[in-house]
Amino acid sequence: MFEDIFKRIKNKNEHKSTTSLKFKEDLVSFILKNNIEGNFLEIGTNRGYTTAILAGVAKVLNKVVYSFDNNLEVLKEAKNLFQECKLDNCFLINKDIYKEPWGLNKDFGLVLIDAVHEQKAFSSDLLNTEKILLNNGFIVVHDFGLENKYGRPIYEVLHKNKNKYEIIRYIGEKSDWNPLGTGKAVDFEGVIIKILE
Ligand SMILES: C[S@@+](CC[C@H](N)C(=O)[O-])C[C@H]1O[C@@H](n2cnc3c(N)ncnc32)[C@H](O)[C@@H]1O
C-alpha cells in the first residue's frame, strides 16, 4: 500500500508546498514505532501529498485522518489523490483555522502542523492543538529549520516556550530541503515535540 501511495505523491523538490520524501518516510517510521492513541490531524492539507501518507499509515492502524485547509481548489486535488490511492479514511475540512473554531473533540494522538509560517499563526496552531491532543500525544511540525522574512518562526516560538514543549526528535532532511520554496533551510526540516506536564 505505501509503495502505491509513494508512487503518486511528490517530493519537496518537485512541489514547493509539500514535505520531502525523507520527512514522509521518517513520519511513517515514527508512527509505526510508537504506540499512538487516537486519530491524526494535519493543519494545512494543500494537495494532500503528506495527508495521503498519514492516511496510509492510519489505515494500517485502524485510524482516521482529518486535515484542514482554507483553499477549496487544493482540497479538490487532494480528494482526487485519495480516490486514486483508495484511501477512504481522510476527512478534509475546508475552514480558515485562524478565524473559525476548529470544532474537533480531544481525540488526536498526533497533529502535524504545516500551515502559515509566522510566529503568531504557529503559536495559535499550538494553542488550538493543545485543546484536542490526548495526553502523551505528539505534535509534528514542518519547516522547523526555515528562515524567512519573519526570522525563524517555528524555532523561535519553541525556543521561547522551551519549558512547555520538549523536542523528541528531528525528522526529514537536514539541509538543502527547500530548493523551490521562499526562505532558506538553516536546520532540520521537521521536529516532533511533546507538551511537558
Ligand atoms: C505548506 S502548505 C501544506 C503542505 C502539506 N502539508 C503537504 O505536505 O503537502 C500550507 C497550507 O496551509 C493552508 N492555509 C494557509 N492559511 C490557512 C488558513 N488560514 N486556514 C486553513 N489553511 C490555511 C494553505 O492553503 C496551504 O495549502
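Which residue just after α4 takes a positive phi? K86 does, with a phi of about 55°.

## The model

This is a predicted model: local features need pLDDT of at least 70, side-chain atom pairs count only at pLDDT 80 or more, and totals for chains, interfaces and linings use all residues. Residues are numbered from 1 along each chain as its sequence is written.

## Helix α4

Helices (H or I, at least four residues) and strands (E, at least two) are DSSP runs, numbered from the N terminus. Helix α4 covers residues 72-84, 13 residues in total.

L75, A78, L81 and F82 are the buried residues of α4. They cover an arc of only 115° around the axis, so they sit on the same side of α4. That arc is taken from the directions from the helix axis to the C-beta atoms. Buried means 20 or more other C-beta atoms within 10 Å of a residue's own; exposed means 12 or fewer; partly exposed lies in between; C-beta atoms are placed from the backbone. The face turned away from the buried side carries the exposed residues L72, E73, N80 and Q83.

## Strand β5

L133 is found in strand β5 (residues 133-142). L133 is buried, with 22 other C-beta atoms within 10 Å. Leaving out residues up to four places away in sequence, L133 touches F108, V111, I139 and I195. Contact means C-beta atoms, placed from the backbone, within 7 Å. L133 and G38 are 95 residues apart in sequence and 8.8 Å apart in space, C-alpha to C-alpha.

Key: The expected span of a helix is 1.5 Å times one less than its number of residues. Two residues are in contact if their C-beta atoms, placed from the backbone, lie within 7 Å.
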